[in-house]
Amino acid sequence: MAASAQYDCVVIGAGHNGLVCAATLAHAGRSVLVLETSAHVGGAALTREFAPGFRVSAGAHLLHLMPAALLRELKLESHGLEWAARGMPTTALLPDGPPLLVAGEHAEPGRALAPDPAAAAGQAMSAADAAALSSYTAQMRRFAAALVPMFSKVPPRLGTTDWSDRLALLRLGWQVRKLGRRDMRELLRIVGMNVYDLLEEHFDSAALKGALGLDAVLGANFGPRSPGTVLTLLYRLAAESAAGASGLSQPKGGMGAFCDALARAATAGGAVIRTGTPVAGILVEADRAVGVTLESGEHIRAQNVISNADPKTTFLKLLGPRHLDTGFVRRVDHIRTRGLAGKLHLALNRAPPFRDVSAASLRGRLLLSPSLQHIEHAYNHSKYGEFSASPVMEITVPSVNDPTLAPAGQHVLSAVVQYAPYALKEGWQSGRQRFVDTALDTLERVAPGLRNCVLGVELLTPLDIEREFHINGGHWHHADLAFDQFLMVRPVPGAAQYRTPVPGLFLCGAGCHPGGGVMGVAGRNAANEVLTQGLKSP
Amino acid sequence: MQHPQDLDAIIVGAGHNGLVAGCYLARAGLKVLVLERQPYIGGAAVSRRLYKDFTYSNCSYVCSLLRPEIMRTLELPKYGLQIIPYEGGCTMMQGGGHLAMYDNHDALRREISRHSKRDAEAYERYSRDVMRQCKFIKPLLMREPPDPTSFKPRDIKELLYLGKRFHGMGEERMYDTLRFWTMSAADFLDEYFESEIVKAHFAGTSIIGTALGPRSPGSAYVLLHHYMGDIDDTVGAWGFARGGMGAVTSALGASFQASGGTIRSGAPVAEILVRNGRASGVALADGEEIHAKLVISNMDVRRTFLDTMDAKELPDEFLRQVRNFKIRGSSGKLNIALDGLPQFPAIPQGSPCTRGDMHVTDTIEMMERAYDDWKDGRWSRAPYIDMLIPSQIDPTMVPDGKHYMSVFVQYCPYELADGAWTAAKRQAFGDTVINTIAQHSPNFKDLILHAEIRTPWDIENEVGLTEGNIFQGELTMDQLLFNRPIPGFAQYRSPVRGVYMCGSSTHPGGGVMGAPGANAARAVLRDLGRSP
């Protein structure tokens with residue numbers, strides 16, 4: 001190697017995965033430098049002021065996917081992580097009629113959909129549905145549990161003679177076999193289905209089906225009738241049960257505070273984090289990644305370069321196609337990275353006036369997806385670059401659990417609003433205000449008078465997310481989570497094991513297995529891969 | 001007819017798969033009786049005279065998937081089957097103009113490059129990759145899918161075979177295959193082509209007969225399913241059966257009888273009889289009982305197990321999964337007698353592309369919107385149509401100077417959101433289709449002498465296909481290979497000993513392919529300890 005490396009590892013991007021990766025590497029004794037373009041750590045997982053005195057988690061607003069073991073190992077609580085709420089309930093809001101409590105407080109994870117006695121007793125859910133819900137939930141939990149071991153593993157390569165790959169495949173098969181023949185056959189039957197048909201098989205209540213179905217398409221480029229949505233749902237449940245005991249949680253101070261704790265964990269291990277330091281490109285010498293060039297022109301050399309950036313940005317912008325063969329570049333070009341989830345933030349002069357919503361429910365997650373047809377219709381528009389007149393939403397009111405986010409007595413509403421197509425036909429310039437009005441009108445139907453409480457509004461479209469957080473396409477998961485962008489073909493064949501065709505260059509972002517959401521598993525798996533496969537300093 | 005006790009096997013339904021199964025069993029020396037509800041045989045592969053001297057292929061209308069090994073073994077040409085390949089095909093564009101299809105590779109390349117030079121290049125890659133997938137799947141068509149939930153040596157052997165073939169493609173191709181089987185036709189085509197018209201034309205086969213849109217994951221496979229046609233061993237070649245699709249089943253019927261099989265038409269089976277947990281024969285609607293130790297059902301699984309068998313004889317879990325088997329009506333059909341040849345101004349005079357499949361859907365978005373209508377329980381306001389005028393190539397179907405047009409329509413629901421089908425609604429559906437065609441053919445309406453309009457409801461009632469699904473079950477990834485019809489029962493056997501399935505509900509699915517019938521016969525013979 002020409003010049004000697006200054007670091008064992010340089011991590012491009014201080015998103016949560018980059019930080020988890022850096023912390024893991026640092027604690028394993030590697031010298032680590034993290035480079036972040038923006039002035040703060042966290043990437044899209046940050047807390048910021050969007051209206052005077054009102055702060056909100058700009059990206060994901062709930063923490064429910066990060067493995068408890070990972071939280072423990074990184075000692076995040078000793079690094080300042082506090083919880084504003086854990087085991088938050090899930091309630092379905094209905095435009096006509098009382099809300100439906102879908103999952104009670106402290107519902108176990110992987111069982112985020114556990115029936116709540118109150119709800120079962122209430123007129124909203126029939127006894128039959130309540131019974132079906134518990135058997136359905138139990139079954140989905142068993143299936144999800146069978147998938148859990150996939151998460152912490154590097155996806156196997158196909159067709160290699162490498163025994164670790166073969167074993168990984170066998171292990172996968174074995175997990176499923178362990179379910180027993182009856183369950184295995186049922187899993188085989190449903191795993192390729194769409195969530196619409198699955199829920200039609202089990203339940204009567206349109207409201208219940210709508211609520212259960214939303215989790216299958218949140219952040220996905222799908223409607224409930226798209227084949228593969230049972231997989232996305234199982235996947236979410238599997239991640240939740242891998243996450244362990246806390247269920248839907250809200251970090252005190254928002255996702256930003258959570259990432260600050262991650263950053264402290266990394267620096268405590270000796271990692272150096274430089275914010276406001278945009279990387280211009282990846283240095284390649286003799287077909288090997290040997291460091292990075294900053295936009296300032298500064299060169300930083302390292303044994304291993306690990307990119308938290310999305311695959312398209314990493315390969316096409318930072319590395320450059322000239323270092324890759326055309327087939328690989330074509331695959332990268334074809335990664336579907338267009339986001340469909342918008343994020344709406346409201347500054348409110350009081351608690352949002354949701355009709356008939358209990359104080360307990362207001363502390364939790366509110367779903368606005370009255371029926372599967374409703375979701376499907378909302379999705380239909382997105383296929384043609386339009387948005388629906390009544391979008392579906394996942395809503396939280398973080399300031400209820402965490403008053404530090406808003407002035408005394410006032411509140412913040414945070415909603416994931418779908419579907420907001422990245423490539424809106426009319427363009428987001430003119431579409432933005434119409435989208436906001438549409439969302440507010442939709443909310444008004446379940447929270448009469450809400451409009452009059454609004455002091456400030458912020459909408460993040462996928463286009464905004466792309467620009468502000470440097471995520472190509474503005475997709476939560478950096479790339480659609482779907483059968484054809486899954487496991488050993490995620491993000492693309494040849495880079496699905498966190499290694500890339502360029503020795504010394506690794507991926508650690510949501511574009512890799514097992515994907516996005518504030519999970520951190522991609523970062524952790526990538527770190528392990530660097531530790532076993534990467535170069536060490538002499 | 002034969003004396004009951006001589007019978008070895010009864011086949012319920014004289015569709016092409018029932019007859020194929022019958023042929024193989026009869027050739028193996030079994031005494032086989034085929035029972036058909038209708039007064040004529042053929043199921044959905046029939047030629048019918050419903051108006052004067054016009055012959056309609058009034059259900060299935062193209063011959064492309066029929067396995068050549070079956071055609072050879074059963075000597076179908078000897079029994080009168082003659083297949084004439086399409087001479088072209090095309091998609092007409094809304095604003096005039098068209099994309100023509102030629103079987104001559106270079107001609108096709110030139111045609112595509114009229115729309116996009118880049119796509120003409122991409123077409124090489126595209127056809128190579130599609131061909132590769134066909135080659136991977138072809139040998140699997142005539143095999144019994146393994147049961148991954150079983151430890152039986154045979155299943156493990158077959159799983160290994162599958163794995164070996166898969167492995168044999170090499171690492172890169174394996175990934176391509178994984179993706180191909182699970183992605184949407186729209187995404188698949190986006191990876192090759194830029195021109196809307198080119199994408200729209202190739203996307204067509206991905207929605208035919210399926211309750212999926214071109215953007216639904218899994219539709220790429222359906223696209224390929226239709227490419228598995230095998231005339232003259234050129235993958236994807238399509239053709240007309242001389243005399244209409246009935247020629248296929250009448251040749252099968254003749255071959256079957258020549259090997260000693262018996263056919264009774266106009267004999268509807270009311271129940272498959274089970275005694276002491278195994279098949280004992282069937283009861284006809286008029287009460288007559290016919291006994292045999294083997295009953296092989298050509299009906300779809302829903303009809304076989306829910307309508308024709310006593311639920312007490314079947315496990316609850318099995319029945320639940322059969323009830324949840326997805327078999328949705330999504331296709332309609334018009335059969336039109338024409339006073340002459342309609343003009344299509346978009347197409348140059350004398351171009352061969354009117355002597356093949358003609359389409360008028362020139363964007364994938366149109367197809368997807370047509371699908372959205374179906375999801376909401378409406379027939380597509382701008383339907384995808386696959387129209388053919390076989391009489392240009394096969395004059396035997398019509399009186400001199402007249403023509404027959406077959407129009408396949410996607411999408412048309414089995415149940416309408418606004419209540420049951422009525423004569424008026426059927427007519428309105430027909431008008432929608434006719435107007436769609438008339439937009440591209442000024443003299444079309446004036447030429448119409450007679451039009452038979454068939455909704456999924458009509459198809460169910462006449463042919464007996466549940467919900468009028470032409471494939472006897474959705475070809476979605478959750479219902480393919482060892483999942484077809486349901487996991488654990490993909491090997492043509494049912495939970496009841498002696499009761500078998502041989503219809504398109506089983507692997508490898510629909511289309512006039514005959515593979516399910518042949519595979520079922522092989523399973524029966526193996527269970528009898530005879531080498532097929």
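This report walks through the cores, ring contacts and charged pairs of a predicted model.

## Nonpolar cores

Let's start inside. The largest nonpolar core holds 175 residues, and those with the most contacts inside it are Y136(A), L25(B), L81(B), Y126(B), F193(B), F202(B) and V248(B). Helix 4 of chain A (residues 127–151) supplies the largest share of this core, with 11 residues. Another core lies apart from it and has 68 residues, including L35(A), L81(A), M255(A) and V502(A). In soluble globular proteins, nonpolar side chains tend to be buried together.

Zooming in on V248(B), its contacts, leaving out residues up to four places away in sequence, are C63(B), L66(B), L81(B), A241(B) and V512(B).

## Aromatic rings

Across all chains, the search turns up 33 aromatic pairs. Take F193(B) and F202(B): their ring centres are 5.5 Å apart and their planes sit at 25 degrees, so this pair counts as stacked. F193(B) is buried at 3% relative accessible area, and F202(B) is buried too, at 4%. Both belong to a cluster linked by ring pairs, together with Y123(B), Y126(B), F180(B), F188(B) and Y192(B).

R177(A) puts its charged end over the ring of F151(B), 3.9 Å from the centre. Within chain A, R225(A) lies over the face of Y196(A), 4.2 Å from the ring centre.

## Salt bridges

The count of salt bridges over all chains is 70. One of them pairs R331(A) with D176(B), with the closest N and O atoms 2.8 Å apart. This pair crosses between chains, running from helix 12 of chain A (residues 326–334) to helix 6 of chain B (residues 171–182). R331(A) is buried, at 15% relative accessible area.

In chain B, E124(B) and R109(B) form a salt bridge at 3.0 Å, N to O. E124(B) is in helix 4 (residues 117–141) and R109(B) in helix 3 (residues 105–115), so the bridge ties together parts 15 residues apart in sequence. E124(B) is partly exposed at 27%, as is R109(B) at 24%. D190(B) and K199(B) make a salt bridge at 2.7 Å; D190(B) is partly exposed at 39%, while K199(B) is buried at 9%. Shared partners also join R182(A), E186(A), R189(A), E201(A), E317(B) and R320(B) into one salt-bridge network.

## A buried glutamate

E394(A) sits in strand 15 of chain A (residues 392–396) and is buried, at 5% relative accessibility. The side chain of E394(A) makes a 2.8 Å polar contact with that of H61(A). Beyond four places away in sequence, E394(A) also touches other residues, among them R236(A), R365(A) and S414(A).

How values were computed
Residues are numbered from 1 along each chain as its sequence is written. Chains are lettered from A and ligands numbered from 1 in the order in which they are written. This is a predicted model: local features need pLDDT of at least 70, side-chain atom pairs count only at pLDDT 80 or more; totals for chains, interfaces and linings use all residues. Side-chain values use heavy atoms; hydrogens and water are left out. Rings of Phe, Tyr and Trp (its six-membered ring) pair if their centres lie within 6.5 Å; planes under 30 degrees apart count as stacked, over 60 as edge-to-face and the rest as tilted. Buried means under 20% relative accessible area, exposed over 50%, partly exposed in between (1.4 Å probe, protein chains only). A charge sits over a ring if NZ of Lys or CZ of Arg is within 6 Å of the ring centre and within 35 degrees of the ring normal. Helices (H or I, at least four residues) and strands (E, at least two) are DSSP runs, numbered from the N terminus. A polar contact is a pair of N or O atoms within 3.5 Å; within protein, one must be able to donate a hydrogen and the other to accept it, and residues adjacent in sequence count only if both atoms are side-chain atoms. Contact means heavy atoms within 4.5 Å. A nonpolar core is a set of buried Ala, Val, Leu, Ile, Met, Phe, Trp, Tyr and Cys residues joined through side-chain atoms within 4.5 Å. A salt bridge is a side-chain nitrogen of Lys or Arg within 4 Å of a carboxyl oxygen of Asp or Glu.
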